[in-house]
Structures are given as structure tokens and as C-alpha cells.
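The tour goes stop by stop: select, look, move on.

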Amino acid sequence: MTTTEPAPTEERPIGFGKLLRKEDPRLIRGMGNFVDDIQLKGMLHLAILRSPMAHAKIVSIDKSAAEAMEGVVAVVTGEDLAGHGLAWMPTLSNDVQAVLATDKVRFQHQEVAFVVATDRYIARDALEQIDVEYEWIDPVVDVRTAMNPDVPVIRTDLEGKTDNHVFDWETGDAAATQAVFDNADVVVKQEVIYPRSHPAPMETCGCVADLNRVSGQLNLWSTTQAPHAHRTVYALVAGLPEHKIRVIAPDIGGGFGNKVPIYPGYVCAIVASLLIGKPVKWMEDRTENLVTTGFARDYVMQGEIAATKEGKILAIRTDVLADHGAFNGVAAPVKYPAGFFGVFTGSYDIEAAYCSMKAVYTNKAPGGVAYACSFRITEAVYLVERMVDVLALELDMDSAELRLKNLIKEDQFPYETKTGWVYDSGNYEPALRKAMEMAGYDELRREQAEKRERGELMGIGLSFFTEAVGAGPRKDMDILGLGMADGCELRIHPTGKAVVRLSVKTQGQGHETTFAQIVAEEIGIPPEDIEVVHGDTDNTPFGLGTYGSRSTPVSGAAAALVTRKVRDKAQIIASGMLEVSVADLEWNKGSFSVKGDPSKSVTIQDIAMKAHGAGDLPEGIEGGLEAQICYNPENLTYPFGAYICVVDVDPGTAEVKVRRFIAVDDCGTQINPMIIEGQVHGGLADGVGMALMQMISFDEDGNCLSGSLMEYLIPTALETPDWETGHTVTPSPHHPIGAKGVGESATVGSPPAVVNAVVDALRPYGVKHADMPLTPSRVWEAMQGNHTPPI
Amino acid sequence: MQVNMNINGEAVSEDVEARTLLVHFIRDDVGLTGTHWGCDTSNCGTCVVLIDGEPVKSCTTLAAMASGHDITTVEGLEVDNVLDPVQEGFMQCHGLQCGFCTPGMMLTARALLNNNPNPSEEVIREAISGQICRCTGYSTIVRSIQWAAEHGTPVSVGN
């Protein structure tokens with residue numbers, strides 16, 4: 001009765017382990033299917049006219065010359081859209097954003113009009129023929145002055161708005177924290193700025209909209225990390241019936257949060273297809289991507305730590321000024337306007353904490369939560385890890401020793417922080433000690449001391465981070481009223497092959513591989529026999545998508561649990577096949593056998609055929625072998641890690657070279673160590689980029705100065721070292737397989753390690769702090785005793 | 001204007017606007033979408049193809065400039081159902097995640113290995129330094145190219 005099940009090998013595990021990716025065979029042949037690869041019959045091309053000014057009234061728009069051009073099919077302005085009630089759209093933070101500006105423009109490169117033409121060159125040519133008359137308004141560029149009474153009000157579209165205020169927010173206990181500060185031996189203070197950054201995925205954003213006027217069906221191929229959430233928002237914005245909208249996210253060329261928001265270009269393409277009756281493609285160019293789509297960070301943080309003179313951290317306090325740009329486009333759970341910044345107490349056991357925050361509008365592109373930040377944990381971790389080093393310098397204590405003294409202990413988990421976050425599990429000290437061992441920490445410090453004697457600048461920087469990922473429990477978390485649970489469906493075909501359908505969507509993380517491994521681990525079907533379907537709202541169950549490192553914590557849990565549900569049914573069918581009771585069966589990863597008589601067994605493949613075949617099934621059991629669930633996470637998961645960065649700074653040119661980077665990550669149970677290592681590597685490169693190179697900057701008129709990859713510098717293979725990675729494993733107690741998620745850990749954890757290393761290198765110059773990005777000019781300034789904030 | 005070139009061993013002849021970029025010609029006119037476009041400014045290298053065996057950024061090359069030359073795109077790396085060792089190396093060493101920069105990276109790697117079958121890590125990093133990957137942090141790309149150097153004999157491409 002049994003068939004031989006394939007034996008797992010090291011190269012081909014049935015379940016968890018290193019497994020080469022199922023995505024790769026098509027991608028290494030150039031046979032991926034990215035949005036811009038899609039060609040539909042009769043497809044037209046859309047290009048967007050953007051404002052040259054950051055803040056200006058639109059006096060008039062003359063589109064007649066553009067409309068007269070051969071090949072131009074339509075030219076549409078904000079006024080035209082207003083006629084259809086489509087000039088404005090909701091953001092993911094319950095604000096509104098102009099699809100095309102009607103009254104005035106509020107950031108440079110804001111969308112003003114669009115052209116639809118027969119090819120992309122003609123569409124771009126026609127933009128130059130649109131004549132727009134603007135009337136200058138003084139822009140609000142400096143976040144620190146945005147709330148001054150004399151500055152122009154940006155959001156005149158909001159009724160009764162008399163200032164540029166977005167929200168105030170606080171967390172923790174102000175009075176208790178003040179009491180601790182009043183009695184502390186040591187208090188350190190430092191302004192810490194996380195400048196505006198941008199995810200800049202290699203594939204820019206775009207879509208192909210194909211709206212069938214007869215059936216009312218909209219097919220939208222789109223660069224989206226969250227196809228289901230987008231579908232619902234389109235239904236709400238455009239009034240289209242949701243069952244007539246199909247959002248397809250084909251291969252996505254990197255997301256990093258950039259592809260979570262809904263951008264005006266998507267809406268323009270849908271409207272164009274609706275108006276013209278043909279498929280319409282819109283693809284950004286690189287400038288459009290950098291200067292208009294979801295930026296990240298932009299926090300000015302006043303940090304304070306209170307401690308004993310022996311180095312016990314007692315309290316952490318911060319006041320934050322947050323630049324949200326011209327529209328509040330933050331993509332975070334609605335009850336968390338500052339994302340998960342509340343975890344700014346980091347990995348330390350402290351007595352009190354308090355944060356106050358003010359968010360303001362400025363004449364800059366909207367965004368705020370993007371770029372692998374786990375909903376603002378990048379900012380939180382950077383603040384606390386920079387401040388701990390400021391304290392170490394004040395106390396003249398080794399920064400590793402200071403951290404070891406204050407880390408939350410293993411027996412304190414689950415640990416509730418003073419701002420109300422319950423860290424599910426952790427074992428921090430071994431991770432830090434492992435990183436120190438891999439780095440040869442003591443030897444590095446000896447080398448540094450010798451080099452300082454010789455006038456050479458070598459720095460060693462540490463960071464220890466705790467992430468909070470897997471949003472989230474639906475009692476607390478939703479986006480635009482949509483609960484952050486995720487569905488998963490598993491079908492086992494008669495021959496024992498399977499298809500699993502996910503609500504989340506890979507942008508390179510390898511879901512087609514790891515989700516097959518999760519199912520394989522639970523039911524013993526080889527991963528190559530499991531097809532993973534994702535990125536298509538018509539063919540997958542509802543869920544909120546991939547961002548905030550939530551795929552494994554939420555959807556991965558759903559995949560494990562739906563497989564267990566199928567396995568439970570398989571066990572009942574097996575009991576009928578083997579003519580024993582369910583309780584007399586034991587599971588052997590791929591087969592059920594009779595307890596005490598392993599020769600009597602049936603494989604999952606046998607059971608699948610029986611479930612679909614002829615003959616009776618046990619009473620009350622329907623045919624087929626499939627299930628669907630929707631997983632609502634009990635808590636977030638809390639991955640953590642210890643990072644050590646070693647830099648050399650050229651005293652003559654102030655150039656920083658990252659010599660080594662050691663990263664020890666703990667993301668709980670590991671599904672595929674190869675993919676985990678890859679996720680960590682990518683995030684480390686991001687960290688080096690943000691710390692040393694990447695910044696979206698503006699001049700005083702609000703002109704964006706980072707509009708191409710010549711100005712917005714991204715690390716290449718020459719600026720990045722060969723990463724040294726290690727791991728510890730502390731499973732999540734509430735996740736079905738103990739996995740915690742890892743996609744953003746390194747992006748969150750690495751920037752402070754790099755900055756701490758550079759500041760450490762500059763210690764002979766008396767430098768206590770320097771703000772990112774630590775370009776040679778900024779490092780040189782610091783060496784001269786000057787400090788120029790990047791904002 | 002008429003352009004004539006050899007793409008992956010096949011003669012291609014088309015009438016195009018003089019301003020047509022090679023990347024758009026390859027993708028939209030010839031229909032080989034494995035070559036990607038990423039930045040307009042020669043910074044990202046996702047559009048790299050080989051012209052007469054040398055890596056070139058096709059987003060800043062006119063189709064007309066490629067006329068009369070041999071072009072190799074990612075689709076030309078696999079020959080007679082046999083993968084180029086570079087392609088195999090990228091799979092074996094997790095040298096790709098989203099796969100968007102991968103075609104350009106692999107073509108640069110192929111050109112490098114044709115000229116230098118045993119490059120050092122430093123040489124590999126220099127060779128791919130005109131290209132950006134946002135996913136991998138480059139270490140696994142370096143390993144992938146080293147894998148190809150160890151496992152494959154140089155393949156004549158583009159000549």
C-alpha cells in the first residue's frame with residue numbers, strides 16, 4: 001500500500017533547511033515577468049507632468065498643444081479628474097492626497113497632469129507641450145519652523161486648517177520618567193537625526209490598467225506589496241465594485257516598503273483606461289521614483305538617558321519632531337501614527353520611559369513609513385543605540401560592557417516594556433557574546449589602541465536591536481479599517497502534489513521557496529511538489545500583504561496552521577484506510593503508521609488519492625483534501641541581534657571604509673538559512689548606505705537635490721565588506737513554528753553600528769556625535785569640531 | 001532609420017526612430033524583456049548587455065550605435081539548454097533575490113570571466129561596481145561569480 005517517499009538530503013530537505021530557490025530558474029534566464037514586461041494588445045502609455053515648484057498656486061493649464069500632437073490620445077488635468085470626483089484619494093493614514101493637483105502644488109514633482117499616447121516617447125514629448133502657469137508661494141522646507149505662526153499653511157484643502165500640524169503623540173509615563181531623571185547620577189542628552197531616506201528598489205513603481213468597459217472588469221498589473229489591500233482601496237476610491245477588480249502583482253523588482261502605498265500614477269492609469277477603453281501602462285522613471293514615492297525616516301529626535309554612575313540605565317526619554325511631507329501617507333496601523341516607534345526602549349531593562357512627538361506637514365513628498373523600517377523601528381533602534389554609546393563615552397565605559405550590563409535577562413521573558421510592548425522571547429547576552437567572539441572584540445580594541453598611538457583612525461561600533469514584526473493582532477491593528485490577519489489556502493491534489501495560496505507577496509524574499517518548505521515541514525510533501533501561488537487577488541485568499549517583516553510571522557503561521565488542518569483530516573482518512581482509530585496513528589512526516597506496527601502505514605500521497613478516489617471515507621468526512629484559514633496573530637514577534645562594525649577613517653580625506661561587519665541574528669526557528677543570510681546581507685548594505693551615503697535632501701526653495709542615482713548614492717560592491725554572519729535560535733513561543741521574521745532586522749539594526757563605529761574612530765578628535773549620512777565632507781566637518789545637522 | 005544587429009546569434013533588422021535607446025529596442029521591439037531598465041543615468045547597470053563581448057549600459061546607448069554589432073542579452077547565456085556556469089553559480093550561491101539586477105550582473109560576470117578566468121574577490125567587486133543590487137549586499141554575487149570561475153570554462157559570447 002505504501003509508496004516510497006523521497007528521502008530528504010542536505011541539498012533537498014523536505015521541510016526546513018537550505019534549499020535552492022524555486023524562483024531562480026526563471027529569473028536567471030531573464031524569464032521573469034515584471035510589470036514593465038507586460039504588453040497588451042492596443043496598450044497605451046501614460047506619462048505624468050510634475051510640478052517644478054514645491055509650493056505654488058496653479059493659475060492656469062493650457063493643454064491644447066499637447067492634445068494636438070500626433071499619437072496623443074488624451075491629456076488630463078486635475079480639473080478633469082475633479083469632474084469625476086477623482087482628483088483626491090485617501091492615503092493609508094486617513095489623510096487625503098491629490099491624484100492631480102487642482103488648487104495648488106504642495107511638493108516639487110507633484111502630479112499636475114497626465115498624457116496618454118501611443119508610445120512612451122510621444123507621451124514624454126507631449127508633457128513638454130503642456131503650459132502651466134504657477135504662482136509662487138513660500139515653501140515650508142525646514143521641519144523646525146513648520147509650526148511657526150508666520151509660515152504658509154500647506155493644507156489649505158483641509159477645512160479650517162490654520163497651521164501645518166499633523167498630530168501629537170506620546171507614550172510612556174512622563175511623570176515617572178521625570179522622577180527618575182531628577183534623581184539619577186548621570187544624565188546624557190543628544191540631538192539625533194535620522195535624515196530622509198528612500199528605498200529605491202531597482203524596479204521603479206508602475207502598473208498596467210485594463211478596464212473593460214462592457215464587463216466593468218478591471219485587471220491591474222501593479223508593483224504592489226499588498227495586492228488585496230490595494231484592491232479594497234481602489235474599490236473605495238473609484239467606486240468600482242470590488243469583485244470586478246483583479247490586482248496582480250507579478251514579479252516585483254524589490255520593494256522594501258516603496259511598493260506599499262497607493263500612488264497617484266496607479267489611479268491615473270486606471271482612470272485613463274476607464275476613459276479611453278484601452279489598456280494603459282504607467283512606469284515611473286528613476287527621478288519620479290526618488291522624488292515622489294514613499295520616503296522614509298525624517299525624524300529629529302532629542303534623546304536623553306538617565307543612569308547610575310556604575311552604568312545601570314534607569315530611564316530613556318525622547319522628544320521627536322517628525323516631517324511627514326505634504327500629505328500624511330504613512331503606511332502603518334492606524335492606531336500607531338508613529339508606527340512602532342514605541343519600542344525605543346530597545347533591548348534594555350529600565351525603570352521608566354517617555355516619548356513625546358509632534359508631526360508636521362512640509363512641502364516635500366509624502367511617505368514616512370517605508371524602507372524596511374518595521375514601522376519606524378529603524379528610528380527607535382537608532383535613537384537608543386546611539387544614546388547608549390553617548391552614555392558609554394560619558395561614563396568612559398566600554399560600549400559592549402555597558403550593553404551587557406543592561407540587556408534584558410533570559411528569565412525576564414516575556415518582557416513587558418515601560419511603553420507596553422510584550423517581547424515574546426529572547427536570550428540577548430549569548431547573541432552579543434557570540435558577535436564579540438566572531439569579531440575578536442578584545443583583539444580589535446587592542447589593535448585600535450595601537451593605531452591611535454600612531455594617529456590612525458579605527459572605530460569599533462556596536463548595536464543591539466530588538467525588532468517588533470508581524471503586524472498584527474486585529475484587536476489592535478488595522479490599516480484603513482482592514483484587520484491585519486492573513487489567509488492561506490492549501491489544496492492537496494489526488495496525486496499528492498499540492499498548491500498553497502498566500503495573501504502575501506514576495507519582492508525577492510523567496511516566498512515560493514520558503515512557504516513550500518513550511519507546508520513540506522508540516523505534511524511531508526517535498527517542496528518541489530508544492531506550488532506557491534501569490535500576488536493575484538482572484539486566486540489567493542484575503543490578507544494585508546508583505547511589509548514590516550510580516551510574511552513569516554503572520555502568513556507563515558497561516559501556512560503552517562492550514563497544513564495542520566489538512567493533516568488532521570488526512571489522519572482521519574488514514575484511520576479508515578488502516579482500520580484503526582485516529583488515536584492509534586502516529587505521524588512520521590509524510591505518512592501515518594499504526595503505533596507499535598510501523599509496517600502498517602499510508603503516505604500522505606496515498607491519503608490524497610483516497611480522499612479524491614472511489615470508496616467510502618470515514619463517517620462525516622467529505623471528499624477532497626484541502627482547507628483555508630485566516631490567521632490572527634496573538635502578538636507580534638520580536639527578533640533581535642547583535643552587530644559589530646569595524647571602520648577605518650582616512651585622517652586626510654575623512655573617507656570611511658567599512659572594513660568588517662559582524663552580524664548575529666536571532667529570528668527564531670529558521671526555515672531556510674540560505675535565504676535568511678541573504679535577507680540579512682541586504683539589510684546590512686542598506687545600513688551602510690544610510691549611515692554613510694544615502695539621503696534625500698532639499699534646498700531652501702524645496703527643490704529636491706537627490707533626484708537621480710548620481711546624487712542619491714547607493715552602496716556598490718566597493719563600499720560594502722564581505723559580511724560575517726552568525727545566528728542564535730530563540731523560537732517565538734506563540735508562533736506555530738517558532739519563526740519570527742527577518743526581512744528588516746539588518747536594516748533596522750545596522751545603521752547605529754556603523755555610526756557608532758565612525759564616532760568611535762573620531763574619539764581622538766573629541767567627537768561625541770555625528771549625524772548620518774557620514775560622507776567625507778560631514779566627517780571632515782566633525783573632525784574640525786563643527787556639527788552641521790543634515791536637516 | 002534602419003538598424004541591423006545580431007542579438008544572441010540571430011540577425012535583427014528594424015526601422016526605428018533615431019533616438020530609440022538600445023534598452024527599449026531590445027525590450028519593446030525585439031521583445032527580449034530579460035534586459036531591464038532601472039535609472040536613465042548609467043548608475044544602476046540593470047540594463048547591461050554585451051556588445052561584441054563587452055558590457056555596455058543599454059539605457060544610454062542608442063539602438064543605432066549598436067547597429068552592425070553582436071549583442072548578447074541574458075536570454076543568450078543559456079546555449080542548447082545548458083546554463084552558463086554564471087547562471088548556475090547565481091542559483092547555487094543565492095546571488096539573486098528579486099532578480100531585477102541579475103541579468104546585468106550575470107552578463108558583466110561573463111565578460112569578466114572571459115577575460116580573466118580566475119579573478120580575485122577585489123577584481124570581481126571592481127567589475128560589478130558600476131551596477132547596483134538592493135537585495136543581496138553583494139557578497140553572494142561575489143560568491144556566485146567565484147563559483148562560476150571554479151566550475152565553468154569560459155564560454156565564447158558575443159563574438
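Select Arg403(A) and Asp389(A). They form a salt bridge, with the closest N and O atoms 2.9 Å apart. A salt bridge here is a side-chain nitrogen of Lys or Arg within 4 Å of a carboxyl oxygen of Asp or Glu. The pair links distant parts of the chain, 14 residues apart: Arg403(A) sits in helix α10 (residues 399-406) of chain A, and Asp389(A) in helix α9 (residues 377-395) of chain A. Helices (H or I, at least four residues) and strands (E, at least two) are DSSP runs, numbered from the N terminus.

This is a predicted model: local features need pLDDT of at least 70, side-chain atom pairs count only at pLDDT 80 or more, and totals for chains, interfaces and linings use all residues. Residues are numbered from 1 along each chain as its sequence is written, chains are lettered from A and ligands numbered from 1 in the order in which they are written, and side-chain values use heavy atoms, leaving out hydrogens and water.

Are the two partners buried or exposed? Arg403(A) is buried, at 0% relative accessibility. Asp389(A) is buried too, at 11%. Buried means under 20% relative accessible area, exposed over 50%, and partly exposed in between (1.4 Å probe, protein chains only).

Next, select Arg376(A) and Glu379(A). Their side chains meet in a salt bridge at 2.9 Å, N to O. Arg376(A) is buried at 0%, and Glu379(A) is buried at 0%.

Now pick Arg246(A) and Asp538(A). Their salt bridge has its closest N and O atoms 3.9 Å apart. The partners are 292 residues apart: Arg246(A) is in strand β13 (residues 245-248) of chain A, Asp538(A) in the loop between β27 (530-533) and α14 of chain A. Arg246(A) is partly exposed at 24%. Asp538(A) is partly exposed at 43%.

Asp36(A), Asp37(A), Arg120(A), Lys281(A), Arg27(B) and Asp28(B) are linked in a network of salt bridges. Over all chains, the structure holds 61 salt bridges.

Last stop: a sheet. Which order do its strands take? It is an open sheet of 3 strands, β28-β29-β30 (chain A), with antiparallel pairing. Two strands pair if DSSP finds at least two bridges between them. β28 (585-587) and β30 (597-603) of chain A stand at the edges, each with a single partner strand, so one side of each has no neighbour in the sheet. Finish on Ser591(A), which stands opposite Thr603(A) in β30(A).
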